[in-house]
Amino acid sequence: MTPVTCFAGRKVALFGLGGSGLATVRALLAGGADVLAWDDSPESTARARDQGVTVFDLTEADFSEFAALVLAPGVPLTHPVPHWTVERARVAGIPVIGDIELFVQERRALAPGAPFVAITGTNGKSTTTALIAHILAAAGRDVQMGGNIGTAILSLEPPAPDRIHVIELSSFQIDLTPSLDPSLGILLNITPDHLDRHGTLADYAAIKARLVAGADRAIVGIDDALSRAIADARTGPCVRIHVGTPEPGFDGLSARDGMVFDVDGTRIADLTGIGSLRGAHNWQNAAVAAACVRALGISDADLVAGLRSFPGLPHRMEEVGRRGRVLFVNDSKATNADSAEKALTAFRDIHWILGGKAKEGGIEPLAPLFDRVSHAYLIGAASDAFSATLEGRVPYTACGTLAVATAAAARAAAAAVAVEPVVLLSPACASYDQFRSFEDRGDQFRNLVRGLA
């Protein structure tokens, strides 16, 4: 735990008692704060009360008595309308912050030079965060990984001069961190996302830009116009990352054809054969990780060793088994077409399991990649809509359930003449029509593959 001492002896309001909220309460109490916590969910408040947390209905509180309101990142700060606690805090003139801001303030007081790597982006930030932490740990460094990737930041060990915090940040978390100042800030990419919570794409991009603006050093992927503009506006040290053949005069790291290249064009790393880093999006992740760990003093030899031993993340193009020539890949995290595109571009001879609760736009944007699909196996509520999109373009079978689809895809792939047929679960849909979560969907697929003859 990182005890938060910056509010010692003062009263703090906290709203949102999920996992990170409970961790924040514990950290504030350990640092000497007086915390009144609340949640709209009776189940969450009951769980917190059972754990000894002082639960108080903030609708009855005098916000002028609080030094700050600590808000969970899932609670609306601005859009579609500010949460009622935010309005009360603004009337009282107190700051509205999140757990990342508490860590930032504690680091500034405790060990201002402690390495703090903050990673954001619309896509790829979890994989990049895990990859950086893995390379550093494999090289013998003291690493703490958390934030949006899973472990609440205040549940990690405190900042220290030789301890590296590698933290994934969502736009919601950045928005609640007004004094964000990582030693190394990473922006991977920006595409439209969470506009219901940020209003416009310009607002969303501006929030992402704050992570780069406050960093001592920055690493920015420049393959989209918004991120490139943020890199261009950066006045401090900035390493640019490009996927593809660089333009003349490019002075950053580039990735293409499964290789990562230095500024001078020399090859840093060969990603060929690393199953956890397939596809152009993962080449970008690897190039960003290379720039990051080099800045932290890791040798190229340790970098390459770390890349080669990286196991990947569950449910993100996770290789869950082989049966003869057939490779089985769990990409259950692909809950929309944009995410599924990454997997479709990484393979050929695909037996594609897809479907669930469809997102706006369906799978029509994936039409240019249909020639990579040998057969599609439809599951869940989107089956009728997806069959209409695939009709006449890709052979398909309506399977209904994941179990039926996995068995059918495995049989067909085993009979295929391709060198390496791929059974790919990349649903391009939310999971909630048939599963508790995308993790549950991916776990069931993994178990079904293990149960195949």
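A salt bridge is taken here as a side-chain nitrogen of Lys or Arg within 4 Å of a carboxyl oxygen of Asp or Glu. The model is predicted, so local features need pLDDT of at least 70 and side-chain atom pairs count only at pLDDT 80 or more, while totals for chains, interfaces and linings use all residues. Residues are numbered from 1 along each chain as its sequence is written, and side-chain values use heavy atoms, with hydrogens and water left out.

**First stop: salt bridges**

Select Glu420 and Arg322, whose side chains meet in a salt bridge of 2.8 Å, N to O. Glu420 lies in the loop between helix H14 (402-415) and S20, and Arg322 in strand S14, so the pair ties together parts that are 98 residues apart in sequence. Helices (H or I, at least four residues) and strands (E, at least two) are DSSP runs, numbered from the N terminus. Both partners are partly exposed: Glu420 has a relative accessible area of 25%, and Arg322 one of 42%. The classes are buried (under 20% relative accessible area), exposed (over 50%) and partly exposed (in between), with a 1.4 Å probe and protein chains only.

Next, select Arg278 and Glu319, a salt bridge of 3.1 Å, N to O. Arg278 is in the loop between strand S13 (267-270) and helix H10 (280-295), and Glu319 is in strand S14, so this pair ties together parts that are 41 residues apart in sequence. Glu319 is partly exposed at 35% relative accessibility.

Lys342 is partly exposed at 21%, as is Asp338 at 31%. Salt bridges that share partners also join Arg107, Arg108 and Asp181 into one network. The count of salt bridges comes to 15.

**Second stop: the six-stranded sheet**

Select S14, S15, S20, S16, S18 and S19, which form an open sheet in that order, with mixed pairing. Strand S14 (318-323) and strand S19 (396-400) are the edge strands, each pairing on one side only. Two strands pair if DSSP finds at least two bridges between them. Neighbouring strands of the sheet are turned by 20 degrees against each other on average, direction ignored.

Within the sheet, strand S16 (residues 350-355) and strand S20 (residues 422-425) run parallel and are joined by four bridges. His351 stands opposite Val423 in S20. Axes are lines fitted to C-alpha atoms, for helices over the stretch in contact, and angles run from 0 to 180 degrees between N-to-C directions. Contact means heavy atoms within 4.5 Å.

Just after H1, Gly32 takes a positive phi of about 100 degrees.

**Fourth stop: backbone exceptions**

Most residues other than glycine have a negative phi, and most peptide bonds are trans. Select Pro80, in the loop between S3 and helix H3 (84-92); the peptide bond from His79 to Pro80 is cis, with omega near -5 degrees.

Asp257, in the loop between strand S11 (253-256) and strand S12 (259-261), has a positive phi near 55 degrees and is exposed at 64%. Met317, in the loop between helix H11 (300-308) and S14, has a positive phi near 50 degrees but is buried at 6%.

**Last stop: Ile186**

Select Ile186 in strand S8 (residues 184-187), which is buried with a relative accessible area of 0%. Residues up to four places away in sequence aside, Ile186 touches Val117, Ala118, Ile119, Thr120, Ile132, Leu211, Ile219, Val288 and Cys292. Its C-alpha is 8.3 Å from that of Gly221, which is 35 residues away in sequence.
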